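Have a look at the model first, then read on.

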Amino acid sequence: CLQLIGFFAFTDGSTKCVPLTAKACADAGYDLTADFPAIDGQPYQQVKGKNLEFFLDLLSVCSPYSKTIMCSFYMPKCVSGWPNPVLPCRSVCLEFVDKCQGLLALASHAGMFRALCDLLPQQDYSPTTCFIPQGFTPSTTAVLGKYGGDSHTKRRGVLVGNFEKNS
């Protein structure tokens, strides 16, 4: 993820979008990604796509949004003329973590992915804030999350997500 953040932080404001060609990311919910530099002379998408194939073979059994989430972290959606990546909305990530928690926990990654979900924006219907894959319908448990609401819901005097406490 740091590589992703670094790449977009240092662009000149006009990210070049290229077709998403990694076979592992077919049907990830978007068609364009940023033009990342080659890795050891190999095309970026080819290298990262091979890495993703292993994980996606395992995770595709637990959530139809596995490709959307995993591919977005390595090869995020790109919108021509927009300087930043367009990542999935928080609700998509929460749905993925909820459905794949058992498999993610086997690799001690459930908490890390949950934390990454909390960093993603909530849907606001702007095409450049975040995106929802076509046909996405969140389950009740993923929407409510661990605390019975989104990460900004007040519970017992604490505003979860903003770390505020009532005195």
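## The kink in α2

Helix α2 has a kink of about 30°, centred on Glu 53; the bend at a residue is the angle between axes fitted to the seven residues ending there and the seven starting there. Helices here are DSSP runs (H or I, at least four residues) and strands are E runs of at least two, numbered from the N terminus.

This is a predicted model, so local features need pLDDT of at least 70 and side-chain atom pairs count only at pLDDT 80 or more, while totals for chains, interfaces and linings use all residues. Residues are numbered from 1 along each chain as its sequence is written, and side-chain values use heavy atoms, with hydrogens and water left out.

Buried residues of α2 include Tyr 44, Leu 52, Leu 56 and Leu 59. Buried means under 20% relative accessible area, exposed over 50%, and partly exposed in between (1.4 Å probe, protein chains only).

Phe 55 sits in α2 too, which covers residues 44-59. Phe 55 counts as partly exposed because its relative accessibility is 38%.

## The whole chain

Zooming out, the protein chain has 6 helices and 5 strands, in the order α-β-β-α-α-α-α-α-β-β-β from the N terminus. Of its 167 residues, 38% are buried.

Take the contacts (heavy atoms within 4.5 Å) between residues at least 6 apart in sequence: 65% of them join residues at least 24 apart.
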